[in-house]
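Work through the following exercises with the structure open beside you, and try each task before you read its solution.

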Amino acid sequence: MSDDNDAPRKKGRDPILMVGTIVLVVAFVVVIGGYAYGELVTENKGPAQYGDTVKVNYVGSYYGYYIDDNGNADINAAIFDTSLWSVAKYYDNDDLDDKYTFSWEFTKKAENDCNPLETKIGEHKLLIAFENALIGMKPGDTKRITINDEDGYGRVAEANERVWDNDGSEELAYNEQMSVPVFIATFGLTSAPAGMYSDLLHPYGWKCDAVVNSDGSVIVTHKVVVDETYDNDNASMHVTISPGSDGSKFAMSFTFDTKADPAEGGIQLIQFKYEGVTYYITEIDDAANTFTTKRTDERVGMTLYFVITMT
């Protein structure tokens, strides 16, 4: 008769192993469940909030939105930047119709340069007014916003404004002396080694000869004809020549092709170059026979119009 105390015992459950198993099971459920929930949250993208990273397509323009409510291009708007190849491809492309108007400082883009803009709302890497407009937008939403100059790229300082008389009092010498940097800037050159230059095209439309001296001075001879009217390279400005105050000078008067902006009462900017400096005409007063320029980047002092689509 065997002793019950000597019978093999049934192995009981190890409490430590049991706890470990439960932890692993719970962790597995949490991971799988969390993954599924994460997928649902990712697919159910709600309105953008402060701190979210978003992607948007945009078209920025002056004088109005680049496209109207019916999907037609607004010829009065001047596009200064865009992420859309469907818009950017029209810039400086002779194979396409002139569907859009672009600003002077618009940068030519390749197709692979045009991608949605990614930003984190609240980092303030963009204009704050632009970032704030993204809050509440959902994928597929399109919004139009207007940003005034103060909230955009700033107002034009008085020191950067100049009023020009347009009564023929602006004069140039037939043989104008300038520095090499001004010569390069005026005629769009990349360099100017010493030597003779013939039939250079002046920004105002006439031909010039030049001599660049070894000491860095330049003499430019303007080959203009009195009573002749010359057009600049984009034909938005016309210069009429008249006799100057003495025989060594000639006088200039200007006429402009402008597009009035009903909302602002202004004009589309015209690039105006004088003595190697680039100005932008901001106002034309025919009654006073004057025009006003700013000596800044084109976007300074401008109201900005954006069409934004959340992607």
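**Exercise 1: Neighbours of one residue**

Task: find which residues Phe 272 touches, not counting residues up to four places away in sequence.

Solution: with contact taken as heavy atoms within 4.5 Å, Phe 272 touches Trp 164, Tyr 204, Met 237, Phe 254, Val 277, Thr 278, Tyr 279, Ile 281, Phe 291 and Thr 293, residues up to four places away in sequence being left out. This is a predicted model, in which local features need pLDDT of at least 70 and side-chain atom pairs count only at pLDDT 80 or more, while totals for chains, interfaces and linings use all residues. Residues are numbered from 1 along each chain as its sequence is written, and side-chain values use heavy atoms, with hydrogens and water left out.

**Exercise 2: The nonpolar cores**

Task: state which members of the largest nonpolar core touch the most other members, and which element gives the most to this core.

Solution: begin with the terms, since a nonpolar core is a set of buried Ala, Val, Leu, Ile, Met, Phe, Trp, Tyr and Cys residues joined through side-chain atoms within 4.5 Å, and buried means under 20% relative accessible area (1.4 Å probe, protein chains only). The largest such core has 33 residues, of which Phe 183, Tyr 204, Trp 206, Met 252, Phe 254 and Phe 272 touch the most other members. Next, look at the elements, which are DSSP runs numbered from the N terminus, helices being H or I with at least four residues and strands E with at least two. Among the elements that give two or more residues to this core are helix H4 (180-187), strand S9 (195-201) and strand S14 (249-256). S14 gives the most, with four residues. Apart from this core lies another, of 23 residues, among them Val 56, Tyr 58, Phe 130 and Tyr 280.

**Exercise 3: One face of a helix**

Task: explain how the buried residues of H4 are arranged about its axis.

Solution: first list the buried residues of H4, which are Val 180, Phe 183, Thr 186 and Phe 187. Seen down the axis of H4, these residues fall within an arc of 125 degrees (the arc of the directions from the helix axis to the C-beta atoms), so they line one face of the helix. As a general rule, an α-helix has 3.6 residues a turn, so residues three or four places apart point the same way. Finally, see what lies against them: the buried residues of H4 pack against strand S8 (175-179), S9, S10 and S11. H4 is followed by Gly 188, whose phi is positive, near 65 degrees.

Conventions:
Buried means under 20% relative accessible area, exposed over 50%, partly exposed in between (1.4 Å probe, protein chains only).
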